[in-house]
Amino acid sequence: MMMKVYVYSKCSTCQKALSFLAKNNVSFVRKEITDEPPSIQELQAMLRHVNGNIKKLFNSSGQLYRDMNMAEKIKDLPQPDALALLSQHGMLIKRPFLIGENSGLVGFNEAEWASLLNSG
């Protein structure tokens, strides 16, 4: 299965995730999340993997999230608007963002990633 991983090159957690993938010989396509954020379709697919919880897709500890007052806005934001915002602003997305054909994870938890890879 070909995985796509969206990362921010200055993010230490993203670096750990990339090392983990390399160490486990996982073939993947690396995308810089600021230059090329995930598409609406990829975000919709990820939303299914987080049981429809749109908040899980947001990088709630990020500067842009705070600057845009997203903690307040997200409460009343219709899902299509939230997905559009995420697709336009890679820095709003929780990363790393790992998406495969039938799987997806946001953030890096080594046990979760290992479990996903072993199930594939």
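**View 1. Strands E3 and E4 run antiparallel and are joined by three bridges.** In this predicted model, in which local features need pLDDT of at least 70, side-chain atom pairs count only at pLDDT 80 or more, and totals for chains, interfaces and linings use all residues, leucine 98 stands opposite leucine 105 in E4. Residues are numbered from 1 along each chain as its sequence is written, and side-chain values use heavy atoms, with hydrogens and water left out. Strands (E, at least two residues) and helices (H or I, at least four) are DSSP runs numbered from the N terminus, and two strands pair if DSSP finds at least two bridges between them.

**View 2. An open sheet of four strands has the order E2-E1-E3-E4, with mixed pairing.** Strand E2 (28–32) and E4 stand at the edges, each with a single partner strand, so one side of each has no neighbour in the sheet. Strands of a sheet pair through backbone hydrogen bonds, either parallel or antiparallel.

**View 3. Tyrosine 6 and phenylalanine 97 form an edge-to-face aromatic pair, 5.7 Å centre to centre and with 80 degrees between the planes.** Rings of Phe, Tyr and Trp (its six-membered ring) pair if their centres lie within 6.5 Å, and planes under 30 degrees apart count as stacked, over 60 as edge-to-face and the rest as tilted. The pair links distant parts of the chain, since tyrosine 6 lies in strand E1 (residues 3–7) and phenylalanine 97 in strand E3 (residues 97–99), 91 residues apart. Tyrosine 6 counts as buried because its relative accessibility is 2%, and phenylalanine 97 counts as buried at 0%, where buried means under 20% relative accessible area, exposed over 50% and partly exposed in between (1.4 Å probe, protein chains only).

**View 4. The largest nonpolar core has 40 residues, and Leu57, Phe58 and Trp113 have the most contacts inside it.** A nonpolar core is a set of buried Ala, Val, Leu, Ile, Met, Phe, Trp, Tyr and Cys residues joined through side-chain atoms within 4.5 Å. Helix H1 gives the most to this core, with five residues. Leaving aside its neighbours within four places in sequence, leucine 57 is in contact (heavy atoms within 4.5 Å) with residues including Leu43, Leu83 and Val106. Trp113 also belongs to a cluster in which ring pairs link it with Phe20 and Phe108.

**View 5. The buried residues of helix H5 pack against H2 and helix H4 (70–73).** In H5, the buried residues are Ala82, Leu83, Leu85, Leu86 and Ser87.
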